[in-house]
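Student: Please show me how to read the features of a protein model, one feature at a time.

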Amino acid sequence: MTTDLPDQADVIITGAGPAGLAAAATLADLGVGQVVVLDRESEAGGVPRHCSHSPYGLREFRRLMNGPRYAKALVRRAISAGVAIHTGVNVTRLLPGPTLEVTSNAGPATLSARAVLLATGARETTRAERFIGGTKPQGVMSTGALQLILETGQKPFRRPVVLGTELVAFSAILSCRLAGIRPVAMVEPNGRVTARWPTALFPRMLGIPLTTNTSVSHVEGGEHVTGIHLSNGEKLQADGLIVTGRFQPDTPLLADSTIQRDPGTGGPEIDQYGRCTLAGYFAAGNLLRAVETAGWSWSEGRAIAHAIHAYLAGNLPPEMGERITLLGPILAHVPQRIAPALASRSFLGLSALQLRVGQPVDGTLSLLAEGKTVTSKHLRTGPERRILLPLPRYGTQPNVQLRVKGEP
Amino acid sequence: MPTTHPTDGAFDIAIIGAGVVGCALARAFAMDGARVVVLEKAHDILDGASKGNSAILHTGFDAPEGTLEAELIAAGHAEYLAIHDRLNLPLLKSGALVIAWTEEEEAALPSLMDQARANGVDDVEALDGAALRALEPGLGPQARAAFRVPREYLIDPWAAPLAYLTQAVRHGATVLRTCEVTNGHFTGTTWDLETSHGPVQANGVINAAGLYGDKVDQMLLGRSDFSIKPRKGQFVVYDKPAFDLASHILLPVPTKVTKGIVVCRTIWGNLLVGPTAEEQDSRNDASLDPSILEALKKRGEDILPALKDHNVTALYAGLRPATEEKRYRINKHPEQVITVGGIRSTGLSAALGIAQHVRALWDTRWKVPKPVWPRVPNIAETAPRDWQNPGHGGVICHCEMVTQREILAALNGPLPARSLAGLKRRTRVTMGRCQGYYCAGALAELTKDRLTQPMTQAEDRNPLPMTHDD
């Protein structure tokens, strides 16, 4: 499907995952003429394609589906709406215009559009990024890499250790079980399991010992893993290590462009309409803030698609508006800016401010504008949990405060 | 690899070890008409000391004056410059700065410049603080003064030896991998080597076994003039945006033991900080130590403060084949063996010079064939890349932009990759920021049944008990 790449389109979407495909279908439904989705993989659908087990599709299709079926449904939905999907296309540069430089088997090409939606998703943090010590044998990998290898019918190991307890770690365990791989243990550096109950009961049900307050100190082995050493001094006999979670937006294209990145999320800085700091560029999905569910990314894709539709009609306020300032132990927030709301279409774009904290907190979360509290709520949560506040529809000098209990 | 033994059953030269030195030796002898066999015990070439280094082509400006090492680094540097274009090898003309961070170090600069000139590196130039900052505005505030060594360059530490060995193969050399030499007998005129691939006969043997150089001497000769004292060097590699933080190789004022912590670009568009210098007994345990790597990272941030906002892409460690003395241990033995030992940390720079030197130590003259110049893929970030041309079959490694066509080429050809590590060294696959998150499946598929060390395992290697040790 790569030989017929158009030179131009109304909207080009990079990334055929839940956010990108939902946005594409929505834009086509809204009557936008030429909507083109590019994906560098050989098949469209994004990460759910590789998750053969999790519950997908309830929000989107009112049916319980597995990942691959869900991905296919998203693709079918977009195509039937009139979207053109091109796989095997790597975007190599984001230029003003918006103009994209790409390469495919047909060679390099340049594409222009009236608007571009970036929906390139997120990836897990690597062993190197976590500074895990020891030797570098084969058999140490992310959940993503594991699932891709299992899809080829091959097995990288038989008895791995699973590091981390986010939802994706349980996805890794399920994938292992389906392939006949038996994880020997699950270890979590924090004091408790990151994923919500009842997922946390799952390893116990499968007889996989779970140790909290423990991390992997070093990997042992020459060509292959022969042991995993833990921070508590214990050595596990294992032949692999699955380094799970701690997702981060995959942003090499941003680094090479003039699009501003937010240090908190690692993704692009956006306003509530999903607009980036380079004219005509928008962003949605896990590129904004790793990591959310497929369903969430799908909703976000739809919301931003409505904003792009308004932008194409000249109906968005010209400025991105003010940056939201933060007070308290908040790691990241999306959006980072609030443009003046549109009187006539006050619910366009993202309706809520998404926040993340780095450690367990108990306190009060407030949103202020012009020094006055707009909304406030009690918050008791931990890392990697979804925290939402309604976005203000009026006012300037937006400020989010998280006051931890017992601290002034 | 099909073995094509010479018809009379003997090679002229057997080279033990396919590190950078072994590859350069194979090239020198094969191009001079010798029938060469290279015996490498690992799955692929460059699996020992040559696996992890800082990828600098040194001038030898700071080598001990008048030594063989100084001479051979200079000769190696000169030959690399003469041949790199014909082999399609990259050269990043970065130049180096030797930077003084304290008053004491500043006082040492003039004598280091004298040493450089004595080593024939007469183009060094002194820089005061202002001139230094003009060249490298990103340096930390403690940088006081420096001198510039214009001809210290960056190269591809894996493509270069691959090119040397490919050229040797094109001149008839035989390369046997997963081939460990287990014993040897000198008949008085020839060597009968026992290997894991069966007997190999050769008139002479060159021991280029790197970290096992003393062991191989012991095995063949019953003696060794030196013992290997492995010295580990750990490195931190930063993601591509850090490439722009410094253009020169940033060197500290060296101490007696080590050249010290270097910050420099890589040919692949990254920035690296390292190496440490840690003596150890193990010859194969290149373990990463997180606390030392954190300290290394901090040192990097002192040198270039902006590094603290950059992401780490990879960590690695290499083992240098140092000996009890700070000099090369190149010896010709009466049993028709030449030992090339103790090449320490300058093997990449000196390899071609070492090969010239060792070739000259060998008296035999063969019929010199017409030279053949194979071109290896240039995968430097600044070179034109395969993805920029049509028909590449799709990009497989998205971080390093490695195409299917490049991967298939590396799995075929005269010296095909035999392990994922070997494929990575030939193509850059999985070397990028995601470290295989996106491409592991495609690579498992493309390499299936092609590697002697496969990415995946067919059977349970050691059935393990389900309980764990305390």
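Student: Where is Pro335(A) found?

Tutor: Pro335(A) lies in the loop between β21 (330-334) and β22 (337-338) of chain A. In such labels, helices (H or I, at least four residues) and strands (E, at least two) are DSSP runs, numbered from the N terminus. Residues are numbered from 1 along each chain as its sequence is written, while chains are lettered from A and ligands numbered from 1 in the order in which they are written. Please note that this is a predicted model: local features need pLDDT of at least 70, side-chain atom pairs count only at pLDDT 80 or more, and totals for chains, interfaces and linings use all residues.

Student: What kind of peptide bond joins Val334(A) and Pro335(A)?

Tutor: As a general idea, most peptide bonds are trans, and most residues other than glycine have a negative phi. The bond between Val334(A) and Pro335(A) is cis, with omega about -5°. Another cis bond links Gly97(A) to Pro98(A), where omega is also about -5°. Pro98(A) sits in the loop between β4 (90-95) and β5 (99-104) of chain A.

Student: Which value does phi take in Phe131(A), and which in Arg246(A)?

Tutor: Phe131(A) is not a glycine, yet its phi is positive, about 55°. For Arg246(A), phi is positive too, near 50°. Phe131(A) belongs to the loop between β7 (122-123) and β8 of chain A, and Arg246(A) to the loop between β16 (240-243) and β17 (248-249) of chain A.

Student: Is Arg246(A) buried or exposed?

Tutor: One counts neighbours: a residue is buried if 20 or more other C-beta atoms, placed from the backbone, lie within 10 Å of its own, exposed if 12 or fewer, and partly exposed in between. Arg246(A) has 21 C-beta neighbours inside 10 Å and therefore counts as buried. Phe131(A) has 16 other C-beta atoms within 10 Å, so it is partly exposed.

Student: How does one read a sheet, and what is the order of the open sheet of 4 strands?

Tutor: Strands of a sheet pair through backbone hydrogen bonds, either parallel or antiparallel. Two strands are said to pair if DSSP finds at least two bridges between them. The open sheet of 4 strands in chain A has the order β8-β13-β14-β15, with mixed pairing. Its edge strands, β8 (133-134) and β15 (235-236) of chain A, each pair on one side only. Strand β14 (225-230) of chain A runs antiparallel to β15(A), and 2 bridges join them. Within β15(A), Lys235(A) is the residue opposite His229(A).

Student: Which strands are joined to β1(B) by bridges?

Tutor: Strand β1 (11-16) of chain B is joined by 5 bridges to the parallel strand β11 (198-207) of chain B. A further 4 bridges join β1(B) to β2 (36-39) of chain B, again in parallel. One of the facing pairs is Ile16(B) with Asn207(B) in β11(B); in β2(B), Val36(B) is the bridge partner of Ile13(B). Because 6 of its 6 residues are buried, β1(B) is largely enclosed by the rest of the structure. Together with helix α1 (20-31) of chain B, β1(B) and β2(B) form a right-handed β-α-β unit; right-handed means that, with the strands pointing away from the viewer, the path from the first strand over the helix to the second runs clockwise.

Student: Which residues have the most contacts inside the largest nonpolar core?

Tutor: In soluble globular proteins, nonpolar side chains tend to be buried together. A nonpolar core is a set of buried Ala, Val, Leu, Ile, Met, Phe, Trp, Tyr and Cys residues joined through C-beta atoms within 7 Å. The largest one has 192 residues, and those with the most contacts inside it are Ala14(B), Ala26(B), Val36(B) and Leu165(B). Helix α1(B) gives the most to this core, 10 residues.

Student: How many residues of chain A are in contact with chain B?

Tutor: Two residues are in contact if their C-beta atoms, placed from the backbone, lie within 7 Å. By this rule, 47 residues of chain A are in contact with 49 residues of chain B. Helix α4(A) supplies the largest share of the side of chain A that touches chain B, 5 residues. Helix α11 (440-447) of chain B has 6 of its 8 residues buried, and these pack against elements including β9 and α4 of chain A.
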